[in-house]
Structures are given as structure tokens and as C-alpha cells.
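Please open the model in a viewer and keep the selection panel at hand. The stops below are meant to be followed in order.

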2 protein chains.
Amino acid sequence: MDIEAANQLAVQRMLEAQPVLVGVARALDAIPGMRPDLVLHAGPPVPWERMSGPLRGAVLGALLYEGLARDEQEAVRLASSGDVRFEPCHDHATVGPMAGVTTASMAVYVVENRTHGNRAYSNFNEGYGRVLRYGAYGADVLQRLRHLNERVAPAIGRALEHMGGLDLKALIARQLTMGDEGHNRNVAGSALFARALAPHLVRCDLDPDTLHDTLRYLADNDLAVLNPVMAACKATADAAHGIEGATVVTCMARNGTEFGIRVSGLGPRWFTGPAPTPKGLYFPGFRDEDANPDIGDSTITETVGIGAFAMAAAPAIVRFVGGTPQDAVAATLEMYEITLAENSAFGIPALDFRGTPTGIDVRKVVRTGITPRINTGIAHREPGVGQIGAGLVRPPLEPFQQAVRALVELLSR
Amino acid sequence: MDIEAANQLAVQRMLEAQPVLVGVARALDAIPGMRPDLVLHAGPPVPWERMSGPLRGAVLGALLYEGLARDEQEAVRLASSGDVRFEPCHDHATVGPMAGVTTASMAVYVVENRTHGNRAYSNFNEGYGRVLRYGAYGADVLQRLRHLNERVAPAIGRALEHMGGLDLKALIARQLTMGDEGHNRNVAGSALFARALAPHLVRCDLDPDTLHDTLRYLADNDLAVLNPVMAACKATADAAHGIEGATVVTCMARNGTEFGIRVSGLGPRWFTGPAPTPKGLYFPGFRDEDANPDIGDSTITETVGIGAFAMAAAPAIVRFVGGTPQDAVAATLEMYEITLAENSAFGIPALDFRGTPTGIDVRKVVRTGITPRINTGIAHREPGVGQIGAGLVRPPLEPFQQAVRALVELLSR
């Protein structure tokens, strides 16, 4: 087994990916293996009993949203009964930020990787305040979610159809020259997304309120493009998965309890460790003790070389933790130590358009002891509260060590 | 006369300015002193005989556009007859990019400086290709201009009214954190502008084609916000003008023949020198010899501390001339040498949010020999062609020396 050749192929698959946002669909109709009794969630597998507060909150909200439970008590009973199943989004070509909870009737973005033909999916970003993805599940949260899924999402879907799809690789490349890193900061990408959709939205015979509400949603939500970008990253990473002998990480995700990775040459197996708690800036009234351990599939951005790996493109973010622009540059430079390639399609202006560090090699992580950098939002540890801050985090080294051990076993067979 | 106190006041006026885009109007109805037989142009005063090719082309186009001439020959006769008057935009609280030609029936953005009550105006940006502002004046150019002025501009005006005005100071601050410097690069600002207008545009009872064409214009034109930004800068600079003893530059502008400045304490007098030819990157098929000397009022951006003065915010631009991100930082750092203050409202991420260098002191320019840096588009020297490139330029030192001499005379009276 030639590891170098395998890695070269895996990385090439990442670099060659051409993710295009082709439309919007109902999760049940689009996501492979989706079922009415299935709750997809962020990160590696986790049973109800071990779920953290925000993930539990989002699950309860989803059960109420789907009409599978009439009230909170019934939802708790159902969640612990075994009558609904919990599976990682990642097992279904899907990614979701924070809790990542996705159920049958929710709307999802559909991204197609034009180079390799595979598709990936992500739910819609709810914006700020009390939202399901941070574990809030009050009536206001569900009402907002319904409006988003039933009014806004189909409108965006029609606009995407009218425009013949949106090239997300080009959008990501552009937003990286505009102060975004594509994970915690997506204001430029979201503005470009809104601007591109608008002339098509008005050609879709939408009722005036839906048209207005959709443009208002796009105007007010600086994270609107995060979910399509995540799906683009998932479509990119999945193309690099399943190459025999490849030591490239194709998935990093957290469920609020554990952090887990998957490796191209090691099949569907998760390698996990305890999810760390982010270091960051809290909203007024909150502090370290309120923070849930790290949660979400949004680390799919770092997995393919943007997010914290492109921190040099977004110096404004390091201010969260009292850093300087030099720290942002240093963050990206460090990630070249554990990656196999530079993505010339994603040039970072501050590094004279050097390509983003792409393709994490588990061997390099273990050899150097440098774990991937991650940008993230911070959820309250109790269900029903929501976001309390944003910051930076490093995953534990253990999952990378486990993966290397598994590779050694595989090679010595 | 206390120069330091006068300068402090002038700079304070610049820093305190709160430019808000309040609406759109017909030039004749809005611009002070506008008349049907008046052609406003960029830069210091220049008679028809001394106008450069692109300015002449834009004048001919405007005369045809206004119906004052039926064909090119008639327009040339009229322009040289003395029956139409030529005056600088700057004399009428107005600024226009490149030729800057503005006539009675054209639409203009109206910007109000909420702190000082003064207003400023700018025409609409035509986008790319063959356009009046670069001296092109064919039937296609005029038709496009008519569509822009008669359909798109009023629609944007209604949306601005519906939203109660747009805070341009906040927009500029934001775009400077998104890779724009506000002069040559305005993609982030234009995307934010489009995104903010869209939900209001759909509430203005526009006919479907006008609505669509307006959103299409905003989606396709990365310079759409340049003209409102220029008017914001003009409203800012004008507030600092006319302070006895102040040595702060309140206007820098070029007409394609001469570069000129005005100084706060020296009244309406222009100090001029020959307009230099920019150094830059040419579109395929063009070269140095095709370039017109520098032209346009867009240097109002540098006058209040953005544009080339904020180059560190937009490292992508230095690529035009083969530079590096370090050159971009160096460009901004150099401008602190000739300015009096830092604008904390306009923080540059790459400089750890240090404020933009603001308030050019003619004394510092002369003492150091450092002339202001300028980012600019390059026009073909023949009328009717259009843009052939973009680049960087330095004005001559003479106008600054003349201004210092005038100040010395004033002081020794």
C-alpha cells in the first residue's frame, strides 16, 4: 500500500472538487437514508443518555417541530424510548452547524460536486438569538423555523433553479479575499449570496410577503451562506474519502460530548475523544462555566482547509480572544505543518495569495503534536438557552493517535 | 492665527462627519447652482480647448444625452461655442468618478452629513465596458445611461426613502474590514449595498422589469457603491473646508489635464499642476502610450483617508502593479507621515484596527516630499474608447508647494 500515492489522490480529489449549490429540497426527499423517525445530529454517534444539553434541546425541538411529540414531556419520553433513531449527519452526506439536528420535513440545501458527482446537504441557517441549533426549542423558535423551512427555503430553491445553480467554489474563493474565513465569519459570502439571488428571486412569481421575507432573511443574516459553504466542504471531503491507504482526515465533527474524526483510508470508523470547551468571548452575562463542550459539524470547513485554517484571511476574528493580525497569520502558517497541499483556488491576500493549507494528515498531527485549529460558536450547556459566545478551540490529540494506531494495524495485517 | 487649533477643528469636522445616503434626485432639482446649460466635470476648472480626450468624449455624450445637440458634429460646435458652461463638480458640492460629467437631467445620489447639515451629490455608476465616465459616447452608451438614470436610479431612490436612508459611515467602516479600500475596490461595499436595498426595493410597487433590472444592476456592478461613497467623502471633506488658518487638504481632483487641490484655510482657490499618468495594469491590447493622464474626483476618497490611504485593508489591489501585501501595508503607513489624525471609525484589520490616516496637511507634504498616494482607473486618451486599465499614481508636488506659499503670504499680511 503506497500511502504517499493514496494521499496524493485524496488531496487531489479535494483540490479538484467543484461544489455547486444546485437547489433546495425536503430532507426526506433528498438525504440518502432519511426516514420520518430519524433524527440526524452533529458529530460522531451519541446515545440520548450521553447527549449534552444543547443537543438534547435541539432534539426535543425537532420532535415537537415534526409533530412526533405534543409537548416537552412527551418529547423527552420519545427521545429516550428508542422509538426514534439518532444518527450522525455525516453518515448521510449531511452537515449541520452546532447541534446539526435535521429531520424529515426540514428543508436542506443540495450541493453537487460537479467533478466527482457526489452530493451533500445542509439545513438552513436560522440566524441569531434563540435558535434550534443552539438547543433552544420554545414556541418562538419553532415558529421561526417553520417560516424559514416553509417560506424562505422554497423561495431560495426556486431562485437557485432559475439561476441554474451557484458556483460555491468561486464564492468561497471570493469571500476569502473579503475578510471571511468561511466558518465563524461569513458576512462577505452571505452578502454575495444575497446579491446573486436577488434578481432571480424576483423572477419566481413569489407572493410579495414571501419575496420580502426571503430578501429580509438574506439581508439580516451574516451566516446565511455558512450552511451552503459547509455542504460544499462536505461534498469536497466526501470525494476524498475511502481511498485505501490514505491518511487524510475527511471529517472532523463534535456532538457536544465527543470530538471525532474519520480518515480516508479507514472507512466509516470514528475516532473520538472528549469534546474540549472553546476559549472565546462571551455575550454579556455569560462566562466559562456556562459553556457547553464544543459542538457541530461546521469543522468540515477546517477539514478542507478553510475556517481557522484560513484565519490569516480574517484577522478580525482573532480579536475575539484578544489576538492580533500576526496571530491570525501564525494560525494559518501553523496549519501548513499538518497538511499535505495548498489550495491554489483559495488564495489568502495577507499571505500574497498563498493557497489555504489543505488535507490534514493524521501522521503529521501525531508526529508534530500540532492539533488542527478550529473556530467555533459557543452554546450554553443547558438546553433551551442558545448561543452565549464564540471563540477558538483545539481538539484532543487522542483521536488522531487512535487513527494512526489503526493505520499501523491495517498495514501490519 | 493658530494653525494647530484650526487644523484640529478641520480634522475634527472630518472625523465627526456622519454621511447618510438619504435619496436620489434629478441633478437640476438637487445640485446647488445646477442649470440646463451647465456641464459639471471632474477636477479643477478646464476650458474645452484644454480638455483631454476622455473628458471631451464625456462632454459630447452629455450634450447628446441632454438633447442639446443632435449629433457629434453639433455637440463639438456647441461645446466650443461658449453657449454651454463648464464648471467643476466640486464647486457644486458634487463629485463624479473619471470624467465626472454631470448634467441637468441626470440622477444623483443625495448624501447628508448629519453632524454638520451639509449635503453632497454624485451621479450613478454605469458599471464596466463602454461608459460615459471614460469618455465613450456611442448610442449604446447613451441608451445604457438613460436606462440607468430613468429606471434604475429612481427605483433605488424609492428604496432609500422606504428604508429611511443608509448610514454610509457604517458601510465604509464595514467594507474596510472586507478587503475594500473604497476607491478602486468596492466589491464588499457594493454587495452590502445591494443586500441592504433588496428587501426595500420589493416594497416600492415597482413594475417587475424595473425591479429586476435594478437588482441585476446591483448584482453585476462591483462599483455600484463607489459613487455614494464618494459623495459621503465629499460631504465629509466639505464640512472641514473654510476654516481660517487650516492647512488641511479638503479636495484633490483631476480633470485629465491637471491635478488640483484645495485647502481648508485658502477658500475656493485651486492649486494645480500637470496630471500624472498612472502606473498600472492594462487590459489586453493596451499599453502606457494609450493612457490618458489621471482623471476624476474619486480622489475625494484619499482626501478623507480611505482609497490608497487605506491600502493595507485591500492587499489584493497591489497585485495590479506586481506588489505584495507588505507593499499595501507600507503604503498606508507612509500616509500617516503626511496626515494629522487617525480615524478610529475606520479601523484597518491588518494594522490591528489602527484608524485610517486622515487629514492631509500641505505643510507635511512639502516638508517630507511625500505626496499622497492615489488608486485610480486608467482611461484611453482618445474620446469614445473607455477604460483600458487600473493602477496607482502620485500627484505632482507643485500644487502643495503653491498652497504653502499662499499660506505664508496670508500669514504675513
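Select B:Leu171, B:Arg174 and B:Gln175 in helix 6 of chain B: they meet B:Ala188, B:Gly189, B:Leu192 and B:Phe193 in helix 7 of chain B. Contact requires C-beta atoms, placed from the backbone, within 7 Å; helices (H or I, at least four residues) and strands (E, at least two) are DSSP runs, numbered from the N terminus. This is a predicted model, in which local features need pLDDT of at least 70 and side-chain atom pairs count only at pLDDT 80 or more, while totals for chains, interfaces and linings use all residues. Residues are numbered from 1 along each chain as its sequence is written, and chains are lettered from A and ligands numbered from 1 in the order in which they are written.

Next, display helix 6 (residues 168–175) and helix 7 (residues 187–201) of chain B, whose axes come within 8 Å and cross at roughly 135° (axes are lines fitted to C-alpha atoms over the stretch in contact, with angles from 0 to 180 degrees between N-to-C directions).

Six bridges join strand 15 of chain A to strand 16 (residues 387–393) of chain A. Pick A:Ala379 to find its bridge partner, A:Gln387, in strand 16 of chain A.

Note on methods
Two strands pair if DSSP finds at least two bridges between them. Two residues are in contact if their C-beta atoms, placed from the backbone, lie within 7 Å.
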